[in-house]
Each structure stands twice: as structure tokens, then as C-alpha cells.
Amino acid sequence: MITFKQHHPDFLPPFCPNPNCTFHSKLARGWRYKKTGFFRRQALPNRIQRFTCLHCRRSFSTQTFCTSYWQRLPQLDAQLLSKTVGGMANRQAARDLGVGPATIDRHLGRLGRHCLLFHSRFMRQAKPAHHIAIDGFVSFEHSQYLPFHHHLAIEKGTDFFLYFTDSEVRRSGTMTAAQKLRRQQLERLHGRPDPQAVRKDVRELLAVAIGGQAVVTIESDDHRAYPRAMRGLAPRIRHRVTSSRERRDNRNPLWEVNLADLLIRHCSANHKRETIAWSKRRQASAERLAVFLVWRNYLKGRREKERRSPTPAMARGLVDRALTVADVLEERIFPAHVPLPPRWGRYYRGEVATRGVVNRARRTAKYAV
Ligand SMILES: [Zn+2]
């Protein structure tokens, strides 16, 4: 059970939650607001303090600063976080928690968005990584005719999951004559993915992971798009290539990213082999991966079998203890306070469309994040 510090009688709103108000900035001084009574709700605590900003007149409450704002089940996100990274599929989580599947989909999207902001906020104060292993994690959305890669960047020596992007790719590999025909029909109807997508999206991955450093070392497999993706990115990139046929043990230079691949498959129901819980949308896969990233970096020890193994965030000196689910959900993060890298901005706004599928409603709600 999470108790939110915002419900403590001493809690003072730190800024105006209206993104268009001068006092939304945490640095603006002289903000004035007044208390304007309470409202009652079904969940505990029942009585919620209301306020009004004396500058923009926006009304808000202590709940506005909680990750559980507008939720009838304020404990759901915390339970969902551990179930999601514990390998449970969305409908299993819905049955287990006694809510509808649509509720789980919605909450998982929201949790994913919170995790995008949570990690990006840490990265603003973090030193950039100078030794990075990258890899493309292969999955598919909607049907096996729509494969995609999640490109992962992991720091060598700490297991810290720095960033990810994605690329649509064309279905390849062994296909029957009927499957080839079906692929042709679908491509005629919905078009083909950009053949340069991997190069472009790995470039974007690296640009964010390198973060303006002059000298970096990148470890990768022998994918032929990688050298082209690196061209001109930093003055000096040392690119070390390990064949994908090399033995994948902890002596392999790609160990950290291979381990991340394994963990993603192990922990995420949507990426298991031969699953019936595959991702229906790449957008939702990115949201789930953001939840995984936060859990992996800040909550989970680096080594499963070592007691009190430090988390990747501890290994790189970002925090001095393993965080808990309550720490992650401690406060709502407002998007105006944390700039997101371009691709994560698209994930945040729900802009990633699945080929041939009408996109679900994009995030245009006025007050929500
Ligand atoms: Zn205001």
C-alpha cells in the first residue's frame, strides 16, 4: 500500500500545475495560491484539499501532484508495475487485479509515460556513458507480417539501460509460397517500412546515448547498418564489432546487451517466443519497455543470484540504494519540467502508428499527461 506524501496535512503545492501559468516553472518566485476547501472521494484518504492559483485562477488539489491523480484505484499502478515486469500478460493482470482489460491497457500506457519521464529526469543530471553496447531486439506487432526492432543502448560495466528506439522492418526469413503472397498483398495495401529505418533509428539511439561526447566506444554485432548509422556522430567513435555467432557468455563484449535481451524476453509476456500475448501495437510495446527500463535500472539488482547486488543506477553512482515501487510512483512528473528526446516524445504522445491499423486516440487531453 503506497501512502502519498501529498496527502500529508503539511504538504505545500510546489508550483502551479497549469503548464500555461508563469508559476508552472519551478524557478518562478513569489507564487501565491489559496486553499479552497475539500472534495470527497471513495478511495482513502476520503478528504482531499483543494487550492486555487491566484495568478491563473486554475483550481487543483493535492491529488494533482500524485501519480494516482484521476484514478479510482490509486494502488493499481504499483501492483501493475510488478506484474508487468514479472511476465504477466495484460489480460492475466486484469483478472488477477479484478479490473477490466481496457483499464489495464490504459494504466500501463500511463505508467509507461511516467517511466519515460522518470528516467529522463535522472539522465539530465547523469554523466554520459562512454562505453556502450547496442543491439536490435526483434519482435513483432499485430501479426508476424509486421516485425520490428527495439534498438537498445546499455552501458558496459554497469548494465545501465540508457535509451531505446524502434524500427519497423520487412518480414524476412523462411516463408512458404502462401506467406510470400500474403506479404505482397499486405505491402501493396499498407506500404513497406523504410529500408533505411534501422540506420536512422540506431543513429537517433546513439545520438542520445553519446550525449555530445567527443570520444566513445561502441560495441555491437556485425549488422551492416551500424557503421553507416555512426558516420559523423561524434569526433571519435571506436566501433568494436563482435560476430553474432560468438558464444554469448559473460566474456563476450556484448554481454551487457545480450543480458538485457534475455531479461526482456524473460520478464515481458509480449516478447516471449511463441506467445499469444504478442504486442498488438508497437506504441504499447514501447510503453511496456519504458516500465521495464525503470525497473531494470533502479529497482532490480544487477545479478540475480547475488544477494544485495547493486542496481545498475547504483553501479553508476546515480543513487545510493535500490529504489522501490513507491519511490518510482512518489510524485507526478510534469512533461514541461523534463524535456524528452525526440523519439520518446513521440512515445509519450502516442504517435507511433501500426501499419494498417487505425491509430488509437492520441494524447490531446488538456489536463492529463
Ligand atoms: Zn497558475
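Trp 70 lies in the loop between strand 3 (59-61) and helix 1. Here helices (H or I, at least four residues) and strands (E, at least two) are DSSP runs, numbered from the N terminus. The phi of Trp 70 is near 65 degrees, a positive value in a residue other than glycine. Trp 70 is also exposed, with a relative accessible area of 61%. For these terms, buried means under 20% relative accessible area, exposed over 50%, and partly exposed in between (1.4 Å probe, protein chains only).

Before I go on, two remarks on the source. This is a predicted model, in which local features need pLDDT of at least 70, side-chain atom pairs count only at pLDDT 80 or more, and totals for chains, interfaces and linings use all residues. Residues are numbered from 1 along each chain as its sequence is written, and side-chain values use heavy atoms, with hydrogens and water left out.

Let me stay with the backbone. Most residues other than glycine have a negative phi, and most peptide bonds are trans. Arg 308, which is not a glycine, has a positive phi of about 55 degrees. Arg 308 belongs to the loop between helix 8 (282-299) and helix 9 (312-315), and with a relative accessible area of 74% it is exposed. A cis peptide bond, with omega about -15 degrees, joins Leu 44 and Pro 45. Pro 45 sits in the loop between strand 1 (33-40) and strand 2 (47-53).

I turn now to the helices. Helix 1 (residues 76-85) packs against helix 3 (residues 101-125) at an angle of about 85 degrees, and their axes are 10 Å apart. Helix 1 is therefore roughly perpendicular to helix 3. Axes are lines fitted to C-alpha atoms, for helices over the stretch in contact, and angles run from 0 to 180 degrees between N-to-C directions. Angles under 35 degrees count as roughly parallel, over 145 as roughly antiparallel, 65 to 115 as roughly perpendicular and the rest as oblique.

Which residues of helix 1 meet helix 3? They are Leu 76, Asp 77, Leu 80, Leu 81 and Thr 84, and their partners in helix 3 are Thr 103, Ile 104, His 107, Leu 108, Arg 110 and Leu 111. Contact means heavy atoms within 4.5 Å.

In helix 2 (residues 90-97), the residues Ala 93, Ala 94 and Leu 97 are buried. They lie on the same side of helix 2, because they cover an arc of only 105 degrees around the axis; the arc is that of the directions from the helix axis to the C-beta atoms. On the other side of helix 2, Arg 91 and Arg 95 are exposed. Helix 1 and helix 3 are among what covers the buried residues of helix 2. After helix 2 comes Gly 98, with a positive phi near 70 degrees.

Asp 135 is in strand 4 (residues 131-140) and is buried, at 9% relative accessibility. Leaving aside neighbours within four places in sequence, Asp 135 is in contact with residues including His 150, His 151, Asp 221 and Asp 261. Glu 256 is in helix 7 (residues 255-267), and at 7% relative accessibility Glu 256 counts as buried. With neighbours within four places in sequence left aside, Glu 256 is in contact with Ile 154, Glu 155, Lys 156, Gly 157 and Asp 159.
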